[in-house]
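Colleague: I would like a close look at a single part of this model, followed by a connected account of what lies around it. Please take the time to go through it carefully.

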Protein chains: 2
Amino acid sequence: MALTQVSSNKCAGGFQKVFEHDSTELKCKMKFAVYLPPKAETGKCPVMYWLSGLTCTEQNFITKAGSQLAAAEHGIIIVAPDTSPRGCDIEGENESWDFGTGAGFYVDATEEPWKTNYRMYSYVTEELPKLINANFPTDPDRTSISGHSMGGHGALICALKNPGKYKAVSAFAPICNPVQCPWGQKAFSGYLGSDRSTWEAYDATVLAASYSGPQLDILIDQGRDDQFLSASQLLPDNLIAVCSEKKIPVVFRLQPGYDHSYFFIFSFMNDHIKHHAKFLNA
Amino acid sequence: MALTQVSSNKCAGGFQKVFEHDSTELKCKMKFAVYLPPKAETGKCPVMYWLSGLTCTEQNFITKAGSQLAAAEHGIIIVAPDTSPRGCDIEGENESWDFGTGAGFYVDATEEPWKTNYRMYSYVTEELPKLINANFPTDPDRTSISGHSMGGHGALICALKNPGKYKAVSAFAPICNPVQCPWGQKAFSGYLGSDRSTWEAYDATVLAASYSGPQLDILIDQGRDDQFLSASQLLPDNLIAVCSEKKIPVVFRLQPGYDHSYFFIFSFMNDHIKHHAKFLNA
């Protein structure tokens with residue numbers, strides 16, 4: 001599992017790096033970004049995984065979210081992978097911005113022609129953490145996860161499907177109930193086929209209804225003027241209703257005036273890092 | 001002088017906007033970004049102008065520098081124009097990354113075929129401030145200027161050529177002595193012709209030697225591992241030497257490990273906003 005360094009920039013006292021590697025899950029070269037805070041030079045640090053949204057690469061979060069100063073302050077390593085396999089030469093992979101390249105949806109595909117490469121769920125929960133823990137000064141017992149939009153969906157399902165694995169979870173404008181929204185229905189029917197019961201294994205609202213692990217504290221920020229909220233792509237109400245019933249602690253902040261962009265994410269990133277730091281003891 | 005709004009995103013409690021207008025100086029459509037802090041909703045605010053570096057547009061600073069939280073905190077409006085005229089159909093304008101489009105160098109060109117459009121000095125010191133003061137809740141008596149690389153050169157010369165106009169100036173990795181470096185020599189010979197004496201009117205080191213205005217407090221951050229520092233494009237030592245002799249207050253911070261990128265700018269942006277806030281009484 002050799003890593004090739006693509007770039008390294010000193011940032012906020014630590015280093016923002018990008019690496020490339022041959023992924024065994026995805027059977028292609030994958031890039032991921034890793035921020036190493038100053039504390040990583042002398043000891044083990046907790047890790048927050050960040051899952052990006054539709055069309056993003058490993059670059060969007062590290063250039064636009066403004067996470068590094070807070071990560072440096074709290075001594076948290078942040079890992080931000082790409083959002084899908086790339087360059088697999090699968091027919092149709094570049095036809096849509098919300099399916100295929102840039103839109104892996106953090107599921108393990110079961111349908112042809114996707115199932116060989118589109119295994120982002122196993123990549124972000126298994127292969128990537130192993131790689132990170134083997135190559136960087138991490139404390140594997142202190143891991144958390146966050147994300148935006150499609151990546152918010154990813155963060156929520158990774159946490160809900162793996163009780164205890166992630167100490168905290170947060171999301172910006174997550175797709176909360178993908179089986180009920182156009183984006184999720186398109187992605188899941190393509191990657192998972194027509195049997196809707198298989199979709200529910202990757203739906204945060206369905207997963208929350210049967211969650212029985214250790215307490216998971218969820219922080220969600222949602223722009224009230226987000227076009228995708230009004231287009232019923234995100235459906236946070238459905239998740240909140242289930243969490244309330246199941247007594248899963250959720251802080252849900254509907255932020256007036258904010259949209260779906262990285263200007264929104266940047267505005268509240270420090271709060272999210274602080275949320276993760278609290279549960280990571282960082 | 002009508003403005004057309006290109007985009008508006010709520011950010012850090014205020015609004016990050018981009019506008020387009022017909023520039024009389026540059027004889028083309030120009031875009032600029034403006035950040036309006038929450039305080040701008042109820043009263044007049046000071047303004048900091050940000051001049052970007054080679055190849056940048058009005059987008060780079062607003063998406064990558066992480067300035068909005070600090071600007072919101074201190075109640076400072078930040079204006080970030082594009083770096084040159086665009087789409088003027090001048091022969092050769094797109095041939096180099098360091099001359100022509102994206103590389104206006106903040107001078108008023110005197111040579112054909114540039115002199116009709118390439119008047120970035122008058123644009124950023126006269127036309128743009130008039131436009132900003134007419135359309136936004138600014139306090140024109142509290143104005144400052146900052147920039148990166150070619151834009152750091154721009155910020156320094158604007159401040160040094162207009163004693164008292166700017167209450168403070170700061171720069172990241174500025175081109176400090178353009179008459180002595182390859183970038184400056186290429187730009188100045190193209191825009192200003194072969195008479196080197198005309199170049200000196202736009203050289204911060206030369207201007208500092210004859211500066212006699214009110215006290216100007218300069219903050220400069222420079223990455224020690226900046227490839228353009230070692231390539232002798234920036235030459236900060238020359239400026240520092242003159243400022244020391246002339247007793248112009250400069251805080252020059254050589255930052256070990258940092259390069260020329262926005263990761264460097266992001267790391268110290270809060271310090272620069274604080275520097276400006278001090279002299280803008282913000």
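Does Cys176(A) count as buried or exposed, and at what relative accessibility?

Modeller: Before anything else, please keep in mind that this is a predicted model. Within it, Cys176(A) counts as buried, because its relative accessibility is 0% and the limit for that class is under 20%. The residue is found in the loop of chain A that runs between strand E7 (169–172) and helix H5 (182–192). Leaving aside residues up to four places away in sequence, Cys176(A) touches Leu156(A), Asp203(A), Ala204(A), Thr205(A), Leu234(A), Leu235(A), Pro236(A) and Leu239(A). As for a position that lies elsewhere, the C-alpha atom of Asn117(A), 59 residues apart from Cys176(A) along the chain, is separated from that of Cys176(A) by 25 Å.

Since Arg253(A) lies in strand E9 (residues 250–255) and Asp221(A) in strand E8 (residues 218–223), the pair ties together parts of chain A that are 32 residues apart in sequence. The two partners fall into separate classes of accessibility, for Arg253(A) is partly exposed, with a relative accessible area of 24%, whereas Asp221(A) is buried, with a relative accessible area of 0%.

Another salt bridge of chain A joins Asp22(A) and Lys29(A), with 3.2 Å between the closest N and O atoms. Here Asp22(A) counts as exposed at 53% relative accessibility, while Lys29(A), with a relative accessible area of 48%, is partly exposed.

In chain B, the side chains of Glu126(B) and Lys165(B) meet in a salt bridge, at 3.9 Å from N to O. Glu126(B) lies in helix H3 (residues 120–135) of chain B and Lys165(B) in the loop between helix H4 (150–161) and strand E7 (169–172), so this pair ties together parts that are 39 residues apart in sequence. Glu126(B) is partly exposed, with a relative accessible area of 36%, and Lys165(B) counts as partly exposed as well, at 29% relative accessibility. Back in chain A, salt bridges that share partners join Glu25(A), Asp108(A) and Arg119(A) into one network.

It remains to set the two chains beside each other. Chain B is superposed on chain A by a rotation of 180° with 0.0 Å of shift along its axis, the RMSD being 0.0 Å. The two copies are thus related as by a two-fold rotation axis. Of the residues of chain B, Lys64(B) comes closest to the rotation axis, its C-alpha lying at 2.6 Å.

At the interface, 24 residues of chain B are in contact with 24 residues of chain A. The area buried between chain B and chain A is about 1,900 Å², and carbon and sulfur atoms give 62% of that area. On the side of chain B, Lys10(B), Phe263(B) and Phe266(B) lose the most area to chain A, together 37% of what that side buries. Between the two chains, the count is 0 salt bridges, against 9 residue pairs in polar contact, both residues being at pLDDT 80 or more. Strand E1 (4–11), helix H1 (58–64), helix H2 (68–74) and helix H10 (262–280) of chain B each supply at least two residues of the side that touches chain A, and H10(B) gives the most to that side, with 5 residues. Finally, 100% of the interface residues of chain B are also interface residues in chain A, so the copies meet through the same surface.

Key: Residues are numbered from 1 along each chain as its sequence is written. Chains are lettered from A and ligands numbered from 1 in the order in which they are written. This is a predicted model: local features need pLDDT of at least 70, side-chain atom pairs count only at pLDDT 80 or more; totals for chains, interfaces and linings use all residues. Side-chain values use heavy atoms; hydrogens and water are left out. Copies are superposed by least squares on the C-alpha atoms of residues with pLDDT of at least 70 in both. Contact means heavy atoms within 4.5 Å. Helices (H or I, at least four residues) and strands (E, at least two) are DSSP runs, numbered from the N terminus. Buried means under 20% relative accessible area, exposed over 50%, partly exposed in between (1.4 Å probe, protein chains only). Buried area is the accessible area (1.4 Å probe) that two parts lose on being put together, summed over both. A salt bridge is a side-chain nitrogen of Lys or Arg within 4 Å of a carboxyl oxygen of Asp or Glu. A polar contact is a pair of N or O atoms within 3.5 Å; within protein, one must be able to donate a hydrogen and the other to accept it, and residues adjacent in sequence count only if both atoms are side-chain atoms.
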